[in-house]
Structures are given as structure tokens and as C-alpha cells.
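Hi,

Here is the structure I said I would pass on. Have a look at it first, and then read my notes below.

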Amino acid sequence: MAVLEGILESPIDLSLAHITEPGPGLLIATTRMTTVRACIAAILGLVCLAFVAHAWRNRATPYDIIWPHAVMIPVFGLLAVFLGFGHHRKSFDAAARTLEAAARLGPLSSSKSYPLPASATVKITLRKVYPSRAGGKGSMPTRWYDIAIPEVPAAGFTVASDREAARAFAKTLAASLRYTIVDEVEDDGVERIKP
């Protein structure tokens, strides 16, 4: 499925991920359920159940069951399942020199293995995302720190506005795979207070 294939190579947001190191040379990053995502999935599930209850009460008229219920019940039900049971995982194995990327959306799942080069760099870059200008008012951009291994398209991570978290994760990833770090955000325009 094209959606799952796209998820496999998309970066994982480190602020929504659980990072574990089960052994030497092993690093696993898995997205975790957030309260907001769980609430949205629950609301969509309740909307789906409301459509089911309404269709059941009006089952005497076949047309009322078909429209709009035949369309709305699967849409809201699938969205609730995808949000409630979806996850994204990247597993690095330094000994086998592989990255195993996996994505799950409810009952659908996909995984793919990527070879890791013997020597490479873990690159940290800065990406600024400007919000839309509503009403002609300008606002500050969000700074996204991207961590990637350029030779491996699926080995991407990102974090918003937290340069230290990006550096810490890049250091962990580089140490696990025995790669070097290239930090391209030494001067990102943010003034920091020196201790």
C-alpha cells in the first residue's frame, strides 16, 4: 500500500518516540501513543458508533441505511482504527548492518529492510517552517532539527525546537552504528544563555 510505503521512509518525530537500546549495536525508535491522538481516535470511534446506532434505529427504511451511513461508518471507523492502532518503528542493527523500518495502520502493516553502509555520517540539519500568514500578520518560524544518514533514505528523524535533543539522539545513533556526526546547525541564529 502506497501510504504505508511512504510512512516507512518518513522521519520519526523524536518528541513522539520511545528510544530503546536493548543491546550493544541495537537501537530501536518507536512512535508512541499520545493523549491527543488517543482522544481523536476515541472521538472518531464514537462518531462511527453514533452512525451505526442511527442506522439501526432507522433500519425500516433501506434508503436511510445506505445514505449516508454506508459511506460514513467505514470512513470514521477506519480513521479511528488507524489513529488508535498505528505506529512506526525503525530498528538499527550495527552487527547485521541493517535498518528494519516497519509501519502499521490498524490491520495493515508493511516492513522493509535497508542495508547500512560500513562507514557513513549522521547529519544534523536545520529546517525552518514558516506558518501561513493569516490576516497579513507574520510570525516566527518553527525550527525543525533533522537527523539523517544521507546514504539511507529511511533513516530519518526530526524534532521541533529542541537542538539539544537532536544532538543527543544523533550522538546515540552515531555511537551505536560507529558513524561520525556532521552538525550543520552550529550557528542557527538562536541566542542561548551560557551557564
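**Two helices side by side**

Helices α2 and α4 are roughly antiparallel to each other. Their axes cross at roughly 155°, and an angle over 145° counts as roughly antiparallel, so that is the label the pair gets. Keep in mind that this is a predicted model.

A bit more on that pair. Helix α2 covers residues 35–57 and α4 covers residues 69–85, and the two axes come within 8 Å. The crossing of α2 past α4 is left-handed. On the α2 side, the residues that meet α4 include Ile40, Leu44, Val47, Phe51 and Val52. Across from them, α4 brings in residues such as Met72, Ile73, Phe76, Leu79 and Leu83. Sorted by class, the contact between α2 and α4 has 14 nonpolar, 5 polar and 1 charged residues.

Val52 is worth a click while you are there. This residue sits in helix α2 and is one of those that meet α4. How accessible is Val52, then? Its relative accessible area is 37%, and since buried means under 20% and exposed over 50%, Val52 counts as partly exposed.

**The five-stranded sheet**

Next, the open sheet. It has 5 strands in the order β2-β3-β4-β5-β6, with antiparallel pairing. The edges are β2 (17–23) and β6 (108–115); each has a single partner strand, so one side of each is left without a neighbour in the sheet. From one strand to the next, the twist averages 15°.

Going through the pairs:

- β2 and β3 run antiparallel and are joined by 5 bridges. Gly23 is opposite Leu26 in β3. The hairpin these strands form has 2 residues between them, and Gly25 there takes a positive phi near 80°.
- β3 and β4 are also antiparallel, again with 5 bridges. Here Leu26 has Asp93 in β4 as its bridge partner.
- β5 (residues 98–105) pairs with β6 in the antiparallel sense over 8 bridges.

As for the faces of β3, Leu27, Ala29 and Thr31 are on the covered one, while Leu26, Ile28 and Thr30 are on the uncovered one.

Strands β7 (residues 121–129) and β8 (residues 142–148) pair antiparallel over 7 bridges, with Thr125 partnered by Asp146 in β8. β8 also pairs with β9 (residues 156–160), antiparallel over 5 bridges; there, Trp144 is opposite Ala160 in β9.

**Whole chain**

Some totals to finish. The chain contains 5 helices and 10 strands. Of its 195 residues, 32% count as buried. Among contacts in the chain with a separation of 6 or more, 56% are between residues 24 or more positions apart.

Cheers

Notes: Residues are numbered from 1 along each chain as its sequence is written. This is a predicted model: local features need pLDDT of at least 70, side-chain atom pairs count only at pLDDT 80 or more; totals for chains, interfaces and linings use all residues. Side-chain values use heavy atoms; hydrogens and water are left out. Axes are lines fitted to C-alpha atoms, for helices over the stretch in contact, and angles run from 0 to 180 degrees between N-to-C directions. Helices (H or I, at least four residues) and strands (E, at least two) are DSSP runs, numbered from the N terminus. Angles under 35 degrees count as roughly parallel, over 145 as roughly antiparallel, 65 to 115 as roughly perpendicular and the rest as oblique. A crossing is left-handed if the near helix is turned anticlockwise from the far one by less than a right angle, and right-handed if clockwise. Contact means heavy atoms within 4.5 Å. Ala, Val, Leu, Ile, Met, Phe, Trp, Tyr, Cys and Pro count as nonpolar, Asp, Glu, Lys and Arg as charged, and the others, Gly among them, as polar. Two strands pair if DSSP finds at least two bridges between them. Buried means under 20% relative accessible area, exposed over 50%, partly exposed in between (1.4 Å probe, protein chains only).
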